[in-house]
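Student: I'd like to go through this structure with you, a few residues at a time. Can we start with a single contact list and work outwards from there?

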Amino acid sequence: MNIVLNGKNTDVNNSSTLMSLIEEKGINPASVVAEVDGIIYKTEEFKNVTLSESSKVELLHFVGGG
């Protein structure tokens, strides 16, 4: 399936949900905010968000420092 991930066309293997995409990319779900097709989702919603061909996904990571 081909989606747009952070502005780039990306082929994803077995990622039918937002959670499976995040896991496929090796990202800790607790450290990311996700937007799919203009809707922002909470971490607990990731497993219920279904991706489809040409979905537009933005993943934003939080980085700490000081």
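Student: Leaving out residues up to four places away in sequence, which residues does T10 touch?

Tutor: Keep in mind that this is a predicted model. T10 sits in strand β2. Skipping residues up to four places away in sequence, what T10 touches is M1, N2, I3, L5 and K25.

Student: Is T10 buried or exposed?

Tutor: The cut-off for buried is under 20% relative accessible area. T10 has 14%, so it counts as buried.

Student: K25 was on the T10 list. Which residues does K25 contact beyond four places in sequence?

Tutor: K25 is in the loop between α1 and β3. Its relative accessible area is 38%, so K25 is partly exposed. Setting aside neighbours within four places, its contacts are L5 and T10.

Student: How far apart in space are K25 and S15?

Tutor: Along the sequence, K25 and S15 are ten residues apart. Going C-alpha to C-alpha, the separation is 9.8 Å.

Student: What about N13 and E24, what separates their C-alpha atoms?

Tutor: N13 belongs to the loop between β2 and α1. With a relative accessible area of 59%, N13 is exposed. N13 and E24 are eleven residues apart along the chain, and their C-alpha atoms are separated by 8.3 Å.

Student: Let's zoom out. What pattern does the chain follow along its sequence?

Tutor: The secondary structure comes to one helix and five strands. Read along the sequence, the pattern is β-β-α-β-β-β.

Student: In what order do the strands sit in the sheet?

Tutor: Five strands form an open sheet, and the pairing is mixed. Neighbouring strands are turned by 30 degrees against each other on average, ignoring direction. The order is β2-β1-β5-β3-β4.

Student: Which strands stand at the edges of that sheet?

Tutor: Look for strands with a single partner, because one side of each is then left without a neighbour in the sheet. That picks out β2 and β4.

Student: Which residue in β4 is the bridge partner of V36?

Tutor: β3 and β4 pair in the antiparallel sense, over three bridges. Within β4, the bridge partner of V36 is I39.

Student: Now the inside. Which element gives the most to the largest nonpolar core?

Tutor: That core has 16 residues, and those with the most contacts inside it are L18, L21, I22, F46, V57 and L59. At least two residues each come from β1, α1 (18-24), β3 (32-36) and β5 (56-61). The one that gives the most, with four residues, is α1.

Student: Take L18, then. What is L18 in contact with, beyond four places in sequence?

Tutor: L18 is among the residues with the most contacts inside the largest core. Leaving aside its neighbours within four places, L18 is in contact with A34, V36, Y41, F46, V49, L51, V57 and L59.

Student: Is S55 buried or exposed?

Tutor: S55 lies in the loop between β4 and β5. Not counting residues up to four places away, S55 touches I3, V4 and D37. Its relative accessibility is 2%, so S55 counts as buried.

Student: What fraction of the whole chain counts as buried?

Tutor: The chain exposes about 4,300 Å², with carbon and sulfur atoms supplying 49% of it. Of its 66 residues, the share that counts as buried is 32%.

Student: Looking at contacts with a separation of 6 or more, what share joins residues 24 or more positions apart?

Tutor: Here we count contacts in the protein chain with a separation of 6 or more. Those between residues 24 or more positions apart account for 52%.

Student: Last one: what box do the C-alpha atoms fill?

Tutor: The box is taken along the principal axes of the protein chain. Its dimensions are roughly 40 × 25 × 20 Å.

Key
Residues are numbered from 1 along each chain as its sequence is written. This is a predicted model: local features need pLDDT of at least 70, side-chain atom pairs count only at pLDDT 80 or more; totals for chains, interfaces and linings use all residues. Side-chain values use heavy atoms; hydrogens and water are left out. A nonpolar core is a set of buried Ala, Val, Leu, Ile, Met, Phe, Trp, Tyr and Cys residues joined through side-chain atoms within 4.5 Å. Buried means under 20% relative accessible area, exposed over 50%, partly exposed in between (1.4 Å probe, protein chains only). Contact means heavy atoms within 4.5 Å. Two strands pair if DSSP finds at least two bridges between them. Axes are lines fitted to C-alpha atoms, for helices over the stretch in contact, and angles run from 0 to 180 degrees between N-to-C directions. Accessible areas come from the Shrake-Rupley method with a 1.4 Å probe; for residues, only the protein chains shown count as cover.
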